[in-house]
Amino acid sequence: MAARPTWKGYLKISLVNIPIKVFPATDAGATLGFNQLHAECQTRIQQKRWCPKCEREVPNTELVKGYEFEKGRFVVIEDEDIEKVRVDSTRVINLEKFTDDAAIDPIYLERPYYLAPDGDVAKEAFAVMRAAMKGKAGIGKVALYGREYLVKVQPREQGLVMYTMRHANEIRRMDAIDELEGLPEKIKPAEVKLAEQVIGTFEGDIDFESYRDEYQDGLREIIDAKIEGREIVMPEVEAPPKVVNLMDALRKSLDSIRPTKKKAPAPVERMAAPKKRAGARG
């Protein structure tokens, strides 16, 4: 099934305006979702808009947008008010600055979208600008879904990928985390060297196709079993051993990895964190 665009507009670079279409780069439907049911009769629960003052259900035609400027006090914002603050980025992605594509801290990135030319006339300009942007990322703004986003645009495969970004005031400072205070200023070089050896045994190319969401797979298996009337037995969850002596733990990790080299990452995973899955397969 062909992908459908969720937005149309222009990609603007200086005086060049390229008609484009925007496509979601991720599939929200790939994650299992659940409905709330009444346990007694297994009927799906309805969410109703209820006015506690008028004591009645309110239809969509009677709803308005309100901003709470004081506790319990609201100012109503009409659609006409929103139209008054339409910005240039409503239909244009204006790339104002360019930088190295790896220079942006990933903490600023939110959701990815694919950009493609809108029509045959736009294809040549799109291809030229995409080639000229190799290794670079453009920073600009776009209005999507009722708000203006900061965006990063860069080449990817035969197209462009656009990431909506968080603004600087949305990023919390890490030094606000009390648990990070009091970390040792000096660490033992021998421990670091041994830890580097353990990490080095896992270095290699990443194949994301080989990684599966085992939690989702387990849920799907449980759902299928319930539909078919089968039972699934939950195994015991293996608790990770406590690290009493870091050097001993690192040596044991290295010893367990060496015989199979890079093919057995399981020992370090068990030491680092408990299994993510609580479900099981029958």
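This is a predicted model: local features need pLDDT of at least 70, side-chain atom pairs count only at pLDDT 80 or more; totals for chains, interfaces and linings use all residues.

Reader: Is Gln154 buried or exposed?

Author: The general idea is that a residue is called buried when its relative accessible area is under 20%. Gln154, which is found in strand β10 (residues 147–156), has 13% relative accessibility and therefore counts as buried.

Reader: Which side chain does the side chain of Gln154 make a polar contact with?

Author: The partner is the side chain of Lys152, at 2.9 Å, and Lys152 is likewise found in strand β10. Setting aside neighbours within four places in sequence, Gln154 is also in contact with several residues, including Asp101, Met133 and Tyr163.

Reader: What is the nearest side chain of opposite charge to Lys152, and how far away is it?

Author: A salt bridge requires the charged atoms to lie within 4 Å. For Lys152, which is buried, the nearest such side chain is that of Asp101, 6.6 Å away, and Lys152 has no salt bridge. The side chain of Lys152 does, however, reach the backbone oxygen of Asp101 at 3.0 Å.

Reader: Which residues form the nonpolar patch on the surface?

Author: The patch is formed by Tyr67, Phe69, Val75, Ile77 and Ile82, which together have about 440 Å² of accessible area. Strands β5 (65–70) and β6 (73–77) each supply at least two of the patch residues. Ile77, which lies in strand β6, counts as partly exposed because its relative accessibility is 32%, the range for that label being between 20% and 50%.

Technical notes:
Residues are numbered from 1 along each chain as its sequence is written. Side-chain values use heavy atoms; hydrogens and water are left out. Helices (H or I, at least four residues) and strands (E, at least two) are DSSP runs, numbered from the N terminus. Buried means under 20% relative accessible area, exposed over 50%, partly exposed in between (1.4 Å probe, protein chains only). A polar contact is a pair of N or O atoms within 3.5 Å; within protein, one must be able to donate a hydrogen and the other to accept it, and residues adjacent in sequence count only if both atoms are side-chain atoms. Contact means heavy atoms within 4.5 Å. Lys and Arg count as positive and Asp and Glu as negative; His and the chain ends are not counted. Patches are made of residues with over 30% relative accessible area and no salt bridge: like charges are joined within 9 Å, nonpolar side chains (Val, Leu, Ile, Met, Phe, Trp, Tyr) within 5 Å. Accessible areas come from the Shrake-Rupley method with a 1.4 Å probe; for residues, only the protein chains shown count as cover.
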